[in-house]
Amino acid sequence: MATRKRASLSSTTEPPQPKENTQKKPTSDEFQISPPKSAVILVLSLFFFLPYFYLIFHHYKIEQELKNSILINAALSLIGYFITVKLIPVASRYVLRANLFGRDINKRGTPQGEVKVPESLGVVVGTVFLVLAVAFQYFFTVDSNWVVEYNAALASICFMLFLGFLDDVLDLPWRSRKLILPSFAALVLLMAYAGHTTIVIPKPFIPYIGLEVMHLGWIYKLYMFLLAVFCTNSINIHAGINGLEVGQTVVISAAIVIHNIMQIGASTDFDYKQAHVFSIYLVQPLLATSLGLLAYNWYPSSVFVGDTYTYFAGMTMAVAGILGHFSETLLIFFLPQVVNFLLSLPQLAGYIPCPRHRLPRYDPVTDKLTGTKDGTLVNFFLRVFGSMSEKSLCIYLLVLQALACCFCFFLRYILAGWYK
């Protein structure tokens with residue numbers, strides 16, 4: 001999370017005081033979190049639920065067994081949403097007691113910029129997600145062929161959740177949190193991957209290559225490894241304003257669920273359907289719990305999500321795309337993140353100085369953000385379209401994310417039958 005300034009030991013340590021004057025830890029009565037922004041969640045949910053129920057109940061004739069498992073998973077995910085909403089205020093008090101808080105840099109110079117905002121609340125989402133995933137596997141998963149990969153997926157996600165929280169607490173070096181930690185988590189998945197390592201050659205290129213299907217072997221696994229590392233970091237670096245990290249995850253997760261349902265309804269191959277059902281089992285809980293977090297992280301944020309959430313969310317979507325066998329589609333869903341990575345590459349590679357917080361410049365007089373020369377999509381958007389408020393900027397960027405997902409669906413529609 002880039003919009004906060006962490007408390008440091010040098011800034012929080014006070015001279016020794018007599019024991020009787022030692023400052024008491026904050027209690028639940030001293031801290032009150034703002035109520036969840038339920039209206040925002042309701043509006044966002046309608047954009048997803050309308051096509052979701054239309055596709056499941058009307059447009060496609062999905063086998064009853066698959067439909068039941070999807071809906072049971074959805075009901076369990078809905079329970080996870082309410083649990084997340086209830087747990088976040090409780091967890092906020094505990095992280096403040098542990099001195100894990102931040103201040104909103106994009107509100108510096110205003111009273112809101114001096115408020116201690118609870119940090120790393122992504123740990124609540126990750127914990128609820130894992131409990132839901134394990135419970136669903138124990139009570140409802142019927143296909144034992146997916147157990148190994150399902151457990152490997154959960155292990156990778158859990159590993160990334162732990163490492164993200166470790167980064168929030170210890171503030172690990174840049175290379176460790178961007179490259180080494182996601183690499184370890186991705187290896188857990190690749191070691192258990194038992195799917196194909198082939199690609200279908202696009203029809204226009206078959207006469208030139210002479211093959212319809214090409215076996216890539218270790219090259220394909222290397223590609224999956226790089227994809228997992230990219231997705232894990234892409235949510236983390238496309239950040240800096242209230243609601244952006246969770247918002248983009250919600251939009252992409254909703255697109256992944258819709259894509260999976262469309263593929264299940266259109267296919268007649270059982271194994272292909274199972275791969276997409278497996279992906280839904282992972283993404284629906286992510287979507288629901290992320291909506292619970294967004295209720296508090298939407299502008300103005302009552303909590304910060306931390307690297308805990310961004311790494312966890314990126315790895316979950318990467319796992320869903322890899323084991324669901326739609327990595328190409330996943331990359332198009334991540335198109336704004338790809339653009340952000342390309343814009344960031346000169347600074348990430350060290351060719352241009354890279355500050356810790358590559359944030360827009362905030363003007364407390366006008367309450368607007370102005371783009372800087374730092375290479376991020378947030379700053380580029382502000383340089384192109386001019387200064388705007390933080391809330392408006394977040395909405396425009398999420399609309400851009402939604403348009404990228406719609407473009408992916410359109411691209412698949414016009415290329416179907418011709419490209420592959």
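**Entry 1: the D104 end**

I began with D104, which counts as buried at 3% relative accessibility (buried means under 20% relative accessible area, exposed over 50% and partly exposed in between, with a 1.4 Å probe and protein chains only). A note to myself: this is a predicted model, where local features need pLDDT of at least 70, side-chain atom pairs count only at pLDDT 80 or more, and totals for chains, interfaces and linings use all residues. Residues are numbered from 1 along each chain as its sequence is written, and side-chain values use heavy atoms, with hydrogens and water left out.

**Entry 2: salt bridges**

How many salt bridges does a search of the whole structure find? I got three, taking a salt bridge as a side-chain nitrogen of Lys or Arg within 4 Å of a carboxyl oxygen of Asp or Glu.

D104 pairs with K107, and their closest N and O atoms are 2.7 Å apart. K107 counts as buried too, at 4% relative accessibility. I then followed K107 to E390, where the closest N and O atoms are 3.1 Å apart. This pair links distant parts of the chain, 283 residues apart: E390 is in helix α15 and K107 in the loop between β2 (101-104) and β3 (117-118). For these names, helices (H or I, at least four residues) and strands (E, at least two) are DSSP runs, numbered from the N terminus. Through shared partners, D104, K107 and E390 form one network.

I looked next at K273, whose side chain meets that of E63 in a salt bridge (2.6 Å, N to O). Here 210 residues separate K273 in helix α10 from E63 in the loop between α2 (38-59) and α3 (64-97). K273 counts as buried at 8% relative accessibility, whereas E63 is partly exposed at 37%.

**Entry 3: the nonpolar core**

Which residues touch the most other members of the largest nonpolar core? I found L282, L293, F312 and L393, in a core of 108 residues. Such a core is a set of buried Ala, Val, Leu, Ile, Met, Phe, Trp, Tyr and Cys residues joined through side-chain atoms within 4.5 Å. Helix α10 (residues 270-297) gives this core its largest share, 15 residues.

I listed what L393 touches beyond four places in sequence: I241, L369, V378, F381, L382 and M388. Contact here means heavy atoms within 4.5 Å.

**Entry 4: S327**

S327 sits in helix α12 (residues 327-333). Is S327 buried or exposed? It counts as buried, at 10% relative accessibility. Its side chain makes a polar contact of 3.2 Å with the side chain of Y223 (a pair of N or O atoms within 3.5 Å; within protein, one must be able to donate a hydrogen and the other to accept it, and residues adjacent in sequence count only if both atoms are side-chain atoms). Neighbours within four places aside, I found S327 in contact with Y223, L227 and G321.

I checked the peptide bond from Y299 to P300, which is cis, with omega near -10 degrees. P300 lies in the loop between α10 and α11 (306-323).

N99 is not a glycine, yet has a positive phi of about 65 degrees. I placed N99 in the loop between α3 and β2, and its relative accessible area of 34% makes it partly exposed.

D367, also not a glycine, has a positive phi of about 60 degrees. The loop between β6 (361-363) and β7 (368-370) holds D367, which counts as partly exposed at 36% relative accessibility.
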